[in-house]
Amino acid sequence: MAEPWLLEVQGLSRRYPLPRERLFGPAPQLQALQDVSFTLARGRSLGVVGESGCGKSTLARLVMALETPSAGTVKLLGQDLHRLGAAALRAARAQFQMVFQDPYGSLDPRLTVARSVGEPLEMQRGLSATERQRRIVEALDAVGLRAADAAKYPHEFSGGQRQRIAIARALVTRPALIVADEPVSALDVSVQAQVLNLMQDLQEQYGLSYLFISHDLAVVDLVCDEVLVLEAGRVVERGDPDTLFRNPQHPCTRRLIEAVPSF
């Protein structure tokens, strides 16, 4: 029997209400995402690309169960995340974590690295203080930081180091899936390659799956096994990076490639 998909997204849609144009008229809606479906296997990476406003970040929030879809399902390890109760969802979050775009804004400057990295462990009951500390040190070591760094504060680190801390925070629960929303776009070009290489090494070491949101086709080409192209909230093309970027079939994909002169 084949192993089930790690992540299954079926018919996912999200509409946002807009201000009424007339007092008694119907409230207009913005269709941010429409009928999006895909699957992701364990240990694989799926890139999501598209022009600004196409729905990439909306998709990330829905997969992370930070918003409720207007229609459709998000199943992780067979569980429909949006049908879980609050307690069950908190428990399930150990299996899926997120790395945000801005390493400066995603870490609370008032918290030590140990507290920031250890925050997701608060959802896991039954862990002793010793086990929590061991997990934190292990996660820091995995991203190339020292145990002594746990006592420091975010302002004591460079941008690349802060993103390593954010990755350690995502790793600390030992998740199966990491949703990475533009994880290197705020970093210097010289640092981007280091962080991407780290993410690939961690994937191989821990068997992670990535849902990788990015506007940078070169980054997606480097780290992803498959790519979805979104336009106006819909999937317009899907395929492996080598085929899709070298022989694009949809005008949106061609526009994205043409916008990157060196690609």
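This is a predicted model: local features need pLDDT of at least 70, side-chain atom pairs count only at pLDDT 80 or more; totals for chains, interfaces and linings use all residues.
Q: Which residues of β8 point which way?

A: Ser209, Leu211 and Ile213 point one way, while Tyr210 and Phe212 point the other way. Residues on both sides of β8 are buried.

Q: Which strands pair with β8, and in what sense?

A: There are two to look at. Strand β3 (residues 45-50) pairs with β8 in the parallel sense, over four bridges. Strand β7 (residues 177-181) also runs parallel to β8, and five bridges join the two.

Q: What do β7 and β8 make together with helix α6?

A: They make a right-handed β-α-β unit, with α6 covering residues 189-206.

Q: Which residues of α6 are buried?

A: The general idea comes first: an α-helix has 3.6 residues a turn, so residues three or four places apart point the same way. In α6, the buried residues are Val191, Gln192, Val195, Leu196, Leu198, Met199, Leu202 and Gln203. They cover an arc of only 155° around the axis, which means they sit on the same side of α6.

Q: What covers that buried side, and what is on the face turned away from it?

A: The cover over the buried residues includes β3, α4 (129-142), α5 (159-171), β7, β8 and α7 (217-223). The face turned away carries the exposed residues Ser190, Glu204 and Gln205.

Q: What comes just after α6?

A: There you will find Gly207, with a positive phi of about 70°.

Q: Now for charges. How many salt bridges are there?

A: Side chains of opposite charge can pair when their charged atoms come close. With a cut-off of 4 Å between the side-chain nitrogen and the carboxyl oxygen, the count comes to 15 salt bridges.

Q: Which parts of the chain does the pair of Glu67 and Arg14 link?

A: Their side chains meet in a salt bridge, at 3.2 Å from N to O. The pair links distant parts of the chain, 53 residues apart: Glu67 lies in the loop between α1 (56-63) and β4 (71-76), and Arg14 lies in strand β1 (residues 7-17). Both Glu67 and Arg14 are buried.

Q: How should I read the salt bridge between Lys152 and Asp149?

A: The closest N and O atoms of this pair are 3.2 Å apart. Lys152 has a relative accessible area of 26%, so Lys152 counts as partly exposed. Asp149, at 5%, is buried.

Q: Where do Glu226 and Arg238 lie?

A: These two form a salt bridge whose closest N and O atoms are 2.8 Å apart. Glu226 is in strand β9 (residues 226-231) and Arg238 in strand β10 (residues 234-239), twelve residues apart. Glu226 is partly exposed at 26% relative accessible area, and Arg238 is partly exposed at 33%.

Q: Which residues do salt bridges with shared partners join into one network?

A: That network joins Glu131, Arg134, Arg135, Glu138 and Arg174.

Conventions
Residues are numbered from 1 along each chain as its sequence is written. Side-chain values use heavy atoms; hydrogens and water are left out. Buried means under 20% relative accessible area, exposed over 50%, partly exposed in between (1.4 Å probe, protein chains only). Two strands pair if DSSP finds at least two bridges between them. A crossover is right-handed if, with the strands pointing away from the viewer, the path from the first strand over the helix to the second runs clockwise. The arc is that of the directions from the helix axis to the C-beta atoms. Contact means heavy atoms within 4.5 Å.
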